[in-house]
Amino acid sequence: MAYFNIEKIKYEGSASTNPFAFKFYNPEEKIGGKTMEEILRFGVAYWHTFTMDGSDPFGTGTMLRPWDKFTGMDLAKARVEAAFEFFEKLDVPFFCFHDVDIAPEGSSLRETNQNLDIIVSMIKDYMKDSKTKLLWNTANNFTNPRFVHGAATSNSADIFAYAAAKIKKGLEVGKELGAENYVFWGGREGYETLLNTDMKLEMDNLGRFMHMAVDYAKEIGFDAQFLIEPKPKEPTTHQYDFDVATGYAFLQHYGLQDHFKFNIEANHATLAGHTFEHELHYARVNNMLGSVDANQGDPLLGWDTDEFPTDLYSTTLAMIEILKNGGLGRGGLNFDAKVRRGSFEPEDLFHAHIAGMDSFAVGLKVAQKLIDDKVLDNVVENRYKSYTEGIGLEIVEGRTDFHKLEEHALGLAEVKHQSGRLESIKATINQYLLRAYAGE
Ligand code: XUL
Ligand code: CO
């Protein structure tokens with residue numbers, strides 16, 4: 001049975017007027033020696049595309065999904081069929097899911113695991129005839145009321161155990177399906193108020209929990225890259241993995257830094273008061289950039305709107321970081337993004353993914369040109385040239401101390417600063433973007 005009355009999406013170039021075609025994403029086109037498909041490693045998020053119904057705190061679901069005529073395990077199976085049809089039509093190399101996205105929870109953990117086993121073996125069969133691989137899976141340890149006070153940071157030791165059991169199963173599923181990564185987003189790993197919270201115990205428990213996950217993956221020979229996905233707030237007021245810097249401090253404090261990298265989500269970065277590129281850059285310079293949840297927030301709203309990424313300025317700056325990282329390794333660009341509640345027709349799922357893929361393809365092309373022409377490298381190199389000679393070189397080579405620095409400062413005539421040239425830099429980036437549109 002076909003769920004989507006749509007042909008396979010092809011690259012037709014920027015002049016195409018076909019809404020069901022890529023205008024900029026040409027999977028085979030080489031950029032700096034690798035194909036776009038190899039660099040961008042796009043993934044579809046199962047939850048937003050096949051599971052969620054468009055409900056929000058003020059209204060019920062709006063999405064028209066042909067598979068919704070089924071219920072229970074039949075619905076779960078129909079979603080797998082629809083998903084693999086969608087992956088093939090979009091020609092996308094990866095997908096991602098939470099345990100509860102693919103199979104309904106049963107009345108006991110045992111039954112939940114049995115449901116999972118049935119769907120996982122169905123997915124495994126579909127994967128045999130599909131090029132689409134599993135970028136990552138994860139456990140949803142936040143939706144069910146049992147996680148009301150957290151999962152690994154719950155005040156209840158029983159829930160700590162329950163959360164561990166779900167991740168244990170998730171690691172087994174990841175191994176079974178050949179996942180490249182395993183993601184930990186601490187949906188309720190945080191707190192609302194200190195008035196009833198033992199923060200030290202909760203953080204220590206989270207550290208212990210992560211060590212047990214690392215040990216179990218090793219025990220079963222699951223060699224995926226582990227990823228922490230930071231988010232500053234929502235659902236809890238204070239999420240423990242606030243941003244990359246906080247997450248990195250946590251990993252180092254608990255001796256976990258060699259086992260994890262970060263999955264960086266654009267909308268989480270902006271909720272933390274950072275730019276997307278700040279989070280990517282911070283991770284990159286610490287060799288901790290693992291994967292990306294590609295989306296964008298609404299600057300007028302203060303929550304996680306998970307829009308499909310269409311801001312070309314942002315995709316360009318993000319791709320600079322990704323290219324400078326030498327790519328994403330085993331990671332990819334997962335569209336943790338949902339169509340708007342008003343975009344309820346199945347074809348909107350295609351429009352949304354095409355928009356996101358084209359936006360990152362443009363970002364990639366412009367970023368590669370900016371890097372090739374050393375536009376930003378020259379700016380930065382010139383700005384910091386005082387550290388390439390004299391006292392500056394002594395500072396960076398560790399050959400000085402406060403005595404020598406004071407002597408230098410006392411002997412200084414007036415310091416002559418150069419302009420930061422920000423407006424000129426932005427004008428140049430615009431020029432590169434516009435030249436890319438013009439096909440130059
Ligand atoms: C929530 C979010 C999650 C994670 C996986 O904001 O981003 O969907 O990506 O649990
Ligand atoms: Co995410």
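Analyst: One term to begin with: buried means under 20% relative accessible area, exposed means over 50%, and partly exposed is in between, with a 1.4 Å probe and protein chains only. By that definition Glu229 is buried, and Asp293 is buried too.

User: What kind of model is this, and how are things numbered?
Analyst: This is a predicted model, where local features need pLDDT of at least 70, side-chain atom pairs count only at pLDDT 80 or more, and totals for chains, interfaces and linings use all residues. Residues are numbered from 1 along each chain as its sequence is written, chains are lettered from A and ligands numbered from 1 in the order in which they are written, and side-chain values use heavy atoms, with hydrogens and water left out.

User: Back to those two residues. Which ones coordinate the cobalt ion (ligand 2)?
Analyst: Glu229 and Glu265 coordinate the cobalt ion (ligand 2) through OE atoms, and Asp293 and Asp336 through OD atoms, at 1.9 to 2.1 Å. Donors are N, O and S atoms within 2.8 Å of the metal (3.2 Å for Na, K and Ca); water is not among the atoms, so sites may look incomplete.

User: Why is the arrangement of the 6 donor atoms octahedral?
Analyst: The angles that the 6 donor atoms subtend around the cobalt ion (ligand 2) run from 81 to 172°, which makes the arrangement octahedral. The cut-offs are these: six donors count as octahedral, and four as square planar, if opposite donors are over 155 degrees apart and all others between 65 and 115; four count as tetrahedral if all angles lie between 85 and 135 degrees; anything else is irregular.

User: How are the donor residues spaced in sequence?
Analyst: The spacing for the cobalt ion (ligand 2) is E-x35-E-x27-D-x42-D. Glu229 is in the loop between strand E10 (225–228) and strand E11 (238–239), while Asp293 is in strand E13 (residues 289–293), so the pair ties together parts that are 64 residues apart in sequence. Helices (H or I, at least four residues) and strands (E, at least two) are DSSP runs, numbered from the N terminus.

User: And ligand 1? Which residues are around it?
Analyst: Trp47, His98, Trp136, Trp185, Glu229, Lys231, Glu265, His268, Asp293, Asp304 and Asp336 are around ligand 1. To be listed, a residue must have a heavy atom within 4 Å of the molecule.

User: What polar contacts does ligand 1 have there?
Analyst: Glu265 has a polar side-chain atom 2.8 Å from an oxygen atom of ligand 1. For Asp304, a side-chain N or O atom is 2.9 Å from an oxygen atom of ligand 1, and for Lys231 the distance is 3.0 Å. A polar contact is a pair of N or O atoms within 3.5 Å; within protein, one must be able to donate a hydrogen and the other to accept it, and residues adjacent in sequence count only if both atoms are side-chain atoms.

User: How much of the accessible area of ligand 1 does the protein cover?
Analyst: On its own, ligand 1 has 290 Å² of accessible area, and the protein covers 94% of that. The areas come from the Shrake-Rupley method with a 1.4 Å probe; for residues, only the protein chains shown count as cover.

User: Zooming out, how many helices and strands does the protein have?
Analyst: The protein has 16 helices and 14 strands. Its radius of gyration is 24 Å, close to the 22 Å that the globule rule gives for 440 residues, so the protein is as compact as a globular protein of that length. The radius is taken over C-alpha atoms, and the rule is 2.2 Å times the number of residues to the power 0.38. Of the 440 residues, 50% count as buried.

User: Now the backbone. Which residues does a cis peptide bond join?
Analyst: Glu234 and Pro235, with omega about 10°. Pro235 is in the loop between E10 and E11.

User: What about phi of Arg41?
Analyst: Arg41 is not a glycine, yet its phi is positive, about 45°. Arg41 sits in the loop between helix H1 (36–40) and strand E5 (42–45), and counts as buried at 15% relative accessibility. Asp306 also has a positive phi, near 50°, and lies in the loop between E13 and helix H11 (312–324).

User: How far is Gly329 from Arg41?
Analyst: Their C-alpha atoms are separated by 9.6 Å, although Gly329 and Arg41 are 288 residues apart along the chain. Gly329 is in the loop between H11 and strand E14 (333–335) and counts as exposed at 54% relative accessibility.
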